[in-house]
Protein chains: 2
Amino acid sequence: MALTVYNTLSRAKELFQPIEGNGVRMYVCGPTVYGHSHLGHAKSYVSFDVVARYLRFSRYAVLYVQNITDVGHLTDDADEGEDKIVKQSRADRVHPMQLAELYTQSYFEDMDALNNLRPDISPRATGHITEQIAIIEELIRKDLAYEVNGSVYFDVTKFPGYGKLSGRTVDELVAGARVEVNPDKRDPADFALWKRAEPGHIMRWPSPWGNGFPGWHIECSAMSMKYLGESFDIHGGGLENQFPHHDSEIAQSEGATGKLFAKYWLHNNMVTVDGRKMGKSLGNFVTLKDAFQRWRPEVIRFFILQSHYRSTLDFSAAAVDGAARGHEKLVNTIRNLRDRRRTAGAGEDPGIEIARYRASFIDAMDDDFNTPQAIAVLFDLARETNQRLDSGRDLSVTSLTALDTLFTELAGTVLGFTLEADGHHPEAESDPEGHLVDLLLGVRAEVRAQKLWALSDMIRDGLGRLGFVLEDKKEGTRWKRKS
Amino acid sequence: MALTVYNTLSRAKELFQPIEGNGVRMYVCGPTVYGHSHLGHAKSYVSFDVVARYLRFSRYAVLYVQNITDVGHLTDDADEGEDKIVKQSRADRVHPMQLAELYTQSYFEDMDALNNLRPDISPRATGHITEQIAIIEELIRKDLAYEVNGSVYFDVTKFPGYGKLSGRTVDELVAGARVEVNPDKRDPADFALWKRAEPGHIMRWPSPWGNGFPGWHIECSAMSMKYLGESFDIHGGGLENQFPHHDSEIAQSEGATGKLFAKYWLHNNMVTVDGRKMGKSLGNFVTLKDAFQRWRPEVIRFFILQSHYRSTLDFSAAAVDGAARGHEKLVNTIRNLRDRRRTAGAGEDPGIEIARYRASFIDAMDDDFNTPQAIAVLFDLARETNQRLDSGRDLSVTSLTALDTLFTELAGTVLGFTLEADGHHPEAESDPEGHLVDLLLGVRAEVRAQKLWALSDMIRDGLGRLGFVLEDKKEGTRWKRKS
């Protein structure tokens, strides 16, 4: 089999073939940095991290660009309202770039915790004003855009393909437009490329049309084409960005260059809470920092990848708890087989059919990155591994090593799961902490026998700080973990 | 006493008074991101981190901007040669921005490890092309700059104060100029604001003078004034940047605005190896990542702050080992007093004169951030604390709490030292085994101090059985897991 991906442009699964040779150039719409990331962000960026990981595993040379939106994203997610970052920065009484800096840091912190590999380039929208202006100038030259009162709009009637990604027609768009249409626009469906900055608007740059700031869509055209070329392989993002964001990106980019913009459009579905989209605007979001208080980041990652990226993922504590149990099962299997490997013999054994499992995993991933199916293959493999470990028939060092390598490759490298149980070192014997505490108690018994009370206290207090409670009884000292 | 700082502009210590009220706006020249940071970078950024920390401790509201140079820094550190990032990216066969991204990440990783607080805004030079062009246009308008063949130069003969920071005169500059003077320059001392991009030069932007890229100096004028205003309080950087970088910044900025640029210029001295400057260009540098293999980051921090920021710091392994012992002494004192606090009584005691130590520490820091003197105060305090802990006379809970608070505030908050005795490695928080081993080592250090060799051996042997190897070194005992 070969990799097929669902292309929103064609609404079908297509055989994946990069534009040029072995290189895959991929752009994914990154976060607007005006608050901490929530589970909805995690679903998007974990999904595309697995896309990048799997493409690399499949021997493609991936160049992954993911932007940081630090200007231009307005509160209505279209052309009206306030800049989200400016609004929040006023509330927090800091400079907008201080706010952007803070939440950019926070974003990467959370993504690192989720074990997403960093994109190769993380360009900022404010860092590409020159490039955005250059495209807008080209669109005006080609008569696809017009200036009114210091703002510039894209004329959607001049670009016949407008709406081809989302499948909306200009007529539908106009019918669906808000009652109060911006009188500067020739057509209600036109969208802003550049907005005049009103007096007092802090985020502003000089431009051929006076001081202003870029529209939300133009940044992605500018940054993707700058680093990936005018035509590139994959453009990813959330389903909700198909319109107007991605359709506008296509219109601007293809309008300016006359070339295909992105070949494959991949969209992840949303996280829901009781069936409603989780989102910052809706106020029903769970930040990752809060979620990490309750669950380990690798459990959140597991929870996300247990559903397909194009399916909705309904969030509930019970569902994540369920994912935690599944994750634990997998991790325990790997720990057990690693433990067994230390004592296993070199002899021959009827090994597990590793190649078959590997092929099934690849088949699943080749089918539009079907991670739930790929995880199911890992569970099948875990089940057979456990049966063999529990049975009398021992697996040889060779088989156990091959199993370890396979889990490390598929669960670790491709899906990005952390394979260490509870942060214990898998290569240590079970409960290495317990052994260390026992050693401390042995030393303590000895120092008490020598009446060295300060040392005895030092051990008790030290253990207390680390969460261990001691109970001195006649028959000796026992310890337990503080709950 | 009040804070005095050595101002390079006046070559004297001056009373520190912010331009406006209680706010301190501070800009520090950040790294050029084309390689891993080395000890020279650490000295600069730890020094200014302590400046920011101490100003905040002194109740100033600090806005700290530190840039990332990702374009325009040429190999000759002036106007000729190749862009350092472009050159390295060609060697590594990656896009220059991929290289910049990688080393920006690496930089923050190392600074985080050193416990430097993140600057409030970390703007990128490539992210401020528009702002740089705007200043250059203004300088041309004011006849302080001229365009030749698509490049723009600052005319130093038109700005009488050129060289006022470094104390160099234009005549000296001309006399010292290279034999091959760029024929585009009217005066050999003129410096580039914008350089024409030759064909094939990948880092290029459109400008009123054609495609090109900014000179190295203009970025700092653009980014500092954008976020801090045309006049701000502190400009920091390395001594070697006084000329031409900082003098050029002053000429550009004051030329464009007609206002004072920065009120206080603070310069840190360099790290030397056998008396020669440590630097990437000289090839005698020790990267932080290498240094962290041998010493904990907090030891490197301690080593740096044991000398004054305006003094050179001579690097040798023996010197850092010495710092490790000093650091350990301080940390042990704090650990001991915290341990004692758990069992201390509430009674009255002739407490240690905490207010006096605090005042001495502040006096030292008020004297141009004299960290070696401030550390000496902490050692005096530690000595008295240890004497009292060792003596029969117990300190009360109140005194011990006050001592703990003082150490936490001065050594922790102001100097940024990690005070956890078991800071074995940064990930220790999530390493419960590591904590237990550290506790065992603490007990072992104690029993060895009491010459209880059998107990010491019991601990070493017990740890050995559990897979931990101990190495007794001068600066203390280290452990590692058996491989």
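Author: Two residues are in contact if their C-beta atoms, placed from the backbone, lie within 7 Å. Helices (H or I, at least four residues) and strands (E, at least two) are DSSP runs, numbered from the N terminus. A residue is buried if 20 or more other C-beta atoms lie within 10 Å of its own, exposed if 12 or fewer, and partly exposed in between. This is a predicted model, in which local features need pLDDT of at least 70 and side-chain atom pairs count only at pLDDT 80 or more, while totals for chains, interfaces and linings use all residues. Residues are numbered from 1 along each chain as its sequence is written, and chains are lettered from A in the order in which they are written.

Reader: Against which helices do the buried residues of α13(B) pack?

Author: They pack against α1 (39–57), α10 (317–343), α11 (354–366) and α12 (371–390) of chain B. Among the buried residues of α13(B) are L403(B), F407(B) and V414(B). The helix is followed by G416(B), whose phi is positive, near 75 degrees.

Reader: How many residues of chain B are in contact with chain A?

Author: 40 residues of chain B are in contact with 38 residues of chain A. On the chain B side, α14(B) gives the most, with 11 residues.

Reader: Which residues does F154(B) touch?

Author: Not counting residues up to four places away in sequence, F154(B) touches several residues, including L139(B), F191(B) and A251(B). A nonpolar core is a set of buried Ala, Val, Leu, Ile, Met, Phe, Trp, Tyr and Cys residues joined through C-beta atoms within 7 Å. The largest has 233 residues, and F154(B) is among those with the most contacts inside it.
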